[in-house]
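Please keep the sequence and the structure in view while reading.

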Amino acid sequence: MWDKLRSLHEVSADRAITTLFDDAMRSDVFSVEADDLYFDYSKTNIDAETLSALIALADVKNVEARRAAMFSGEKINETEDRAVLHTALRNLDGGPVFVDGEDVMPGVLQTLEQMASFANAVRDGRFTGAGGKITDVVNIGIGGSDLGPAMAVPSLAPFADGPRVHFISNVDGADLADTLATLDPTTTLVLVASKTFTTMETMMNAQSAFNWMKQKVADPAAQFAAISTAMAETAAFGIPAERVFGFSDWVGGRYSMWGPIGLSIMLAIGPDDFKDFLRGGQAMDRHFCEAPLANNMPVALALVGIWHHQICGFGTRAVLPYEQRLVRLPAYLQQLEMESNGKSVSIEGKELDQTVGPIVWGEPGTNGQHAFYQLIHQGKQIVPCEFLVGAQGHESELAAHHKALLANCLAQSEALLLGRDLDTARSMMAAKGFEGAALEANAMQRVFSGNRPSTTLMYKKLTPFVLGQIIALYEHRVFVEGTILGINSYDQWGVELGKELAQKLAPAVEENGSTADLHPATANLVTRAKALRDA
């Protein structure tokens with residue numbers, strides 16, 4: 001099937017995407033709708049034969065069977081011998097979900113109620129803190145314990161009626177210092193998010209935040225809560241069991257904001273809107289499980305990704321939300337996609353014969369238009385673009401702004417499609433009075449090759465439900481791509497070596513630390529850093 005897709009690419013690579021619109025039904029055929037979320041992939045060079053071959057590839061690679069295995073609680077994370085059941089965290093209206101013969105849903109729902117009870121107590125003032133009321137929440141975590149909530153909280157700002165929520169992740173002291181500088185310890189609640197309560201960056205930041213709070217609060221631990229399964233460690237820190245929210249090992253870090261890792265989201269928007277967020281994810285789960293492959297949104301998004309990266313050879317994809325509140329979405333998707341599918345070894349432990357995960361990057365529109373869109377439109381490399389845009393904004397008094405935003409989004413995808421040919425550019429420059437060599441030179445500068453692929457994900461308005469749909473959509477895209485490529489999307493061994501070496505290096509960077517056991521290249525840099533530090 002791979003060979004057939006490569007053959008189809010060879011004969012269509014130079015084809016103008018615009019010719020595919022000779023079929024008046026193209027936009028209807030090459031789009032998928034699910035609960036008012038609309039995904040349009042008609043502006044790609046995928047035709048009916050190519051789509052059929054891509055769907056056949058998904059079928060041959062047993063996407064449907066592996067999907068059933070995931071949702072049923074089978075341990076599809078083979079290298080860690082774990083189930084993959086973040087979907088259970090949003091299974092509000094579904095049936096039982098079994099892991100090793102045990103229905104996990106009672107525990108999931110009980111934890112959700114525990115979160116809601118605590119969040120309500122903080123939000124309505126029953127949990128007072130030393131200052132009489134909690135006005136600010138600081139979430140300390142990193143990776144999956146940070147990126148999801150740090151993306152979701154600003155995304156849902158119109159629904160935030162609770163305490164202000166802040167995030168600290170980097171071990172760089174500047175992150176902690178700048179975040180805490182404007183806060184009052186007596187009215188601040190700190191959430192420490194670390195499953196093992198041993199993550200180096202998180203625990204160093206947590207201890208420094210504890211010391212900061214201790215300056216004004218007699219019992220600092222009384223204003224700490226933990227998202228962890230390490231009850232002994234959280235107790236040693238001083239956090240009582242009723243303020244510890246755990247989750248199971250069948251929830252991977254980058255898939256975990258649907259449960260206790262999402263406590264900061266719940267504190268910001270409230271339990272009811274948080275449940276709407278879960279219901280959006282659940283709705284996408286149902287669509288993913290029930291829709292046929294040919295009309296399945298996560299499958300379509302994944303197949304477009306496979307076509308562009310594995311077949312066309314495009315090395316990156318740009319995520320371009322025309323929604324300022326989705327400012328952290330590209331960073332979130334970098335972890336979700338690149339940590340999940342940035343692999344070079346198959347599930348069977350064999351080296352892959354092709355690159356797997358593309359580089360994911362992006363920035364909200366219209367900011368990106370005045371930055372990297374120059375390369376997207378006129379650079380020699382092709383960057384498939386994934387636009388996201390709402391039909392409405394939340395600020396009715398600024399409706400004109402949102403209409404301008406929408407127009408810009410649609411204009412950019414059209415410009416990528418149509419481009420501008422040399423004859424049109426010549427006419428433009430001639431109209432401005434250019435002649436001869438100057439006319440040719442200036443015309444060439446204004447040529448856009450066009451024929452550059454893009455997709456558009458459109459929704460009515462960014463709400464908790466819609467955000468839940470979007471995040472679940474991208475989660476399932478990762479699953480489908482990983483299944484087709486034969487990799488395990490749910491481990492992340494690539495992040496471990498750096499952690500191990502950092503532990504080894506930690507003593508060396510101290511004043512009297514030895515560099516004897518370090519590689520000479522690293523030892524040189526440690527020595528130079530010490531010299532600069534002491535100068």
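## Report on the predicted model

Pro240 is partly exposed, because its relative accessible area is 24%. The model described here is a predicted one. Pro240 sits in the loop between α9 and β9 (244–245). Between Pro240 and Leu501 there are 261 residues of sequence separation and, from C-alpha to C-alpha, a distance of 34 Å.

**The chain as a whole**

The protein chain contains 20 helices and 13 strands. Its radius of gyration is 25 Å, close to the 24 Å that the globule rule gives for 535 residues, so the protein chain is as compact as a globular protein of that length. The C-alpha trace spans about 80 × 65 × 60 Å along the principal axes. Of the 535 residues in the protein chain, 50% are buried. Among contacts between residues at least 6 apart in sequence, 74% join residues at least 24 apart.

The surface and the charges complete this overview. The protein chain exposes about 23400 Å², and carbon and sulfur atoms supply 53% of that area. There are 43 positive and 65 negative side chains in the protein chain. The centres of these two sets lie 3 Å apart.

Helix α8 covers residues 200–214 and has 15 residues. From its first C-alpha to its last, α8 reaches 21 Å, close to the 21 Å expected at 1.5 Å a residue. The buried residues of α8 are Thr202, Met203, Asn205, Ala206, Ala209, Phe210, Trp212 and Met213. An α-helix has 3.6 residues a turn, so residues three or four places apart point the same way. The buried residues of α8 pack against the strands β5 (136–140), β6 (164–168), β7 (188–193) and β8 (224–227), and against the helices α7 (173–180) and α9 (231–237).

Helix α13 covers residues 329–341 and has 13 residues. The reach of α13 from first to last C-alpha is 17 Å, close to the 18 Å expected at 1.5 Å a residue. Buried residues in α13 include Leu329, Pro330, Tyr332, Leu333 and Leu336, and also Gln335, Glu337, Ser340 and Asn341. Their cover includes α6 (147–155), β10 (316–322), β11 (359–362), β12 (385–390) and α18 (464–485).

**A buried strand residue**

Leu37 is in strand β2 (residues 37–40). With a relative accessibility of 0%, Leu37 counts as buried. Leaving aside residues up to four places away in sequence, Leu37 touches Val32, Met284, Met297, Leu457, Met458, Tyr459, Val466, Gln469, Ile470 and Leu473. One of these, Ile470, is 433 residues from Leu37 along the chain, while the C-alpha atoms of Leu37 and Ile470 are separated by 8.3 Å.

**Backbone features in loops**

Most residues other than glycine have a negative phi, and most peptide bonds are trans.

| Residue | Phi | Relative accessible area |
|---|---|---|
| Asp36 | about 70° | 58%, exposed |
| Asn62 | about 60° | 47%, partly exposed |

Asp36 lies in the loop between β1 (31–34) and β2, whereas Asn62 lies in the loop between α3 (48–60) and α4 (63–71).

Gly365 and Thr366 are joined by a cis peptide bond, with omega about 10°. Thr366 belongs to the loop between β11 and α14 (373–378).

Technical notes:
Residues are numbered from 1 along each chain as its sequence is written. Side-chain values use heavy atoms; hydrogens and water are left out. Helices (H or I, at least four residues) and strands (E, at least two) are DSSP runs, numbered from the N terminus. The expected span of a helix is 1.5 Å times one less than its number of residues. Buried means under 20% relative accessible area, exposed over 50%, partly exposed in between (1.4 Å probe, protein chains only). Contact means heavy atoms within 4.5 Å. The radius of gyration is taken over C-alpha atoms; the globule rule is 2.2 Å times the number of residues to the power 0.38. Accessible areas come from the Shrake-Rupley method with a 1.4 Å probe; for residues, only the protein chains shown count as cover. Lys and Arg count as positive and Asp and Glu as negative; His and the chain ends are not counted. The place of a charge is taken as NZ of Lys, CZ of Arg, CG of Asp or CD of Glu.
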